[in-house]
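Biologist: Please take a close look at the aromatic rings in this model. Go through the ring contacts first, then the surroundings.

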Amino acid sequence: MERKAMTTVYSAAHFLVDLSCAFLMMRFILDGASENFLIYNFCAFALQMPIGIILDKLGGGHRAASVGCGLIFLAYFVAFAGLLAPAAICAGVGNALFHAGGGVYVLDKYESSGALGVFVSPGAVGLYLGTIWGKGNDMSFILPMVAMLIAAVFIFIAPYIFKCDDKRGGAVETFFDFKASFSLCAAAFMFFAVVVIRSYGGFALSYPWKITPAAAFTAVIMTAGGKALGGFVSDRFGKEKTAAVSMVMAAVLYLFSGNIVCGLAAILIFNMSMPITLRAAADIFRGGRGFSFGLLTFALFLGYVPSYIYGGVQISRAAMCILCILSAAMLLGGFALMKKAVQKNDG
């Protein structure tokens, strides 16, 4: 019961963190300087890996998540002072601390993927709403600031309320050893590549029907819903079967994604792979779940980079179909290599 309560806290905070960061970026920091957006994304995604490594060794995920929310709150004042690049760094580091802290907690407390999907899914909705809200010119900036202050305080005290510790420290269990190192490295690389593809596809494919606020918001709901659904479906039917079926279905649907129904279904099913890859990477690096979480968020950043460098470059629906098939092959290949590693260890 306690871990479910903390997961609920982290999921709600995830929505608020991404909403507050998006609002801050769009309202104050971006200001025509796209490099600030790159700085923010680098700090928010790439820094989760080194932060995760520290948390794997020392514990303190709750404190890291609380400090992260506090830094986002502080970033507003830095932006008000006109220091836009430092504000982007402050918000990005805060975002990374929150995600790494929350991600390590959920990966440590659950061996299943369902809770992981619940934790990661609200971020997409918060990001979208914060972006839309931030493009306005009202005086409501006080609300996301207060939300971050409340989140920082509540995440700090919640472990005492729900009696949930997050101590790691010292020697930790590891699934990664010398005998199986090549197979597991290859499997981790394949999962990493799948996340890069998913991130890139999310930026590079456009939809002709996505021209109204209602359609755009529905697409975001499908993105979030797919992440949540993927965790529960993989727990019920297995990661391999879910990965293969979902990616093949997404490939077919993307061919007809010019139609709104097929397009929304493709987005939903394509995003089901997110908790699967996170769970699989954590199963490889059992003693380094913070590292595994950060490794795949770095993959998200790499998938964003081509869109930043080349602007509005787009891929065709057929190309997206091919990327889905490639993702399915790599997911199945990664799971096969993990099984091979287990067999070597058992032998």
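Modeller: A charge sits over a ring if NZ of Lys or CZ of Arg is within 6 Å of the ring centre and within 35 degrees of the ring normal. Arg236 meets this rule: it lies over the face of Phe237, at 4.9 Å from the ring centre.

Some ground rules come next. The model is predicted, so local features need pLDDT of at least 70 and side-chain atom pairs count only at pLDDT 80 or more, while totals for chains, interfaces and linings use all residues. Residues are numbered from 1 along each chain as its sequence is written, and side-chain values use heavy atoms, leaving out hydrogens and water.

Now the ring pairs. A pair of aromatic rings is described by the distance of the centres and the angle of the planes. Rings of Phe, Tyr and Trp (its six-membered ring) pair if their centres lie within 6.5 Å; planes under 30 degrees apart count as stacked, over 60 as edge-to-face and the rest as tilted. By this rule there are 26 aromatic pairs. One of them joins Tyr10 and Phe119, edge-to-face, with 6.3 Å centre to centre and 85° between the planes. Tyr10 lies in helix H1 (residues 2-29) and Phe119 in helix H6 (residues 114-120), so this pair ties together parts that are 109 residues apart in sequence. Helices here are DSSP runs (H or I, at least four residues), numbered from the N terminus. Tyr10 is buried, at 0% relative accessible area. Phe119 is buried too, at 0%. Buried means under 20% relative accessible area, exposed over 50%, and partly exposed in between (1.4 Å probe, protein chains only).

Phe23 and Phe28 form another pair: their ring centres are 6.5 Å apart and their planes stand at 70°, so the pair is edge-to-face. Phe23 is buried, with 0% relative accessibility. Ring pairs also carry Phe23 and Phe28 into a cluster with Phe73, Tyr76, Phe77, Phe80, Trp133 and Phe141.

Last, the surroundings. Ile150 lies in helix H8 (residues 142-162). Ile150 is exposed, at 53% relative accessible area. Asp108, in helix H5 (residues 84-109), is partly exposed at 26%. Lys57 belongs to helix H3 (residues 48-58). Lys57 is partly exposed, at 47% relative accessibility. From Lys57 to Ala328 the C-alpha distance is 33 Å, and the two are 271 residues apart in sequence.

How values were computed
Helix = DSSP H or I, 4+ residues; strand = E, 2+ residues; numbered from the N terminus.
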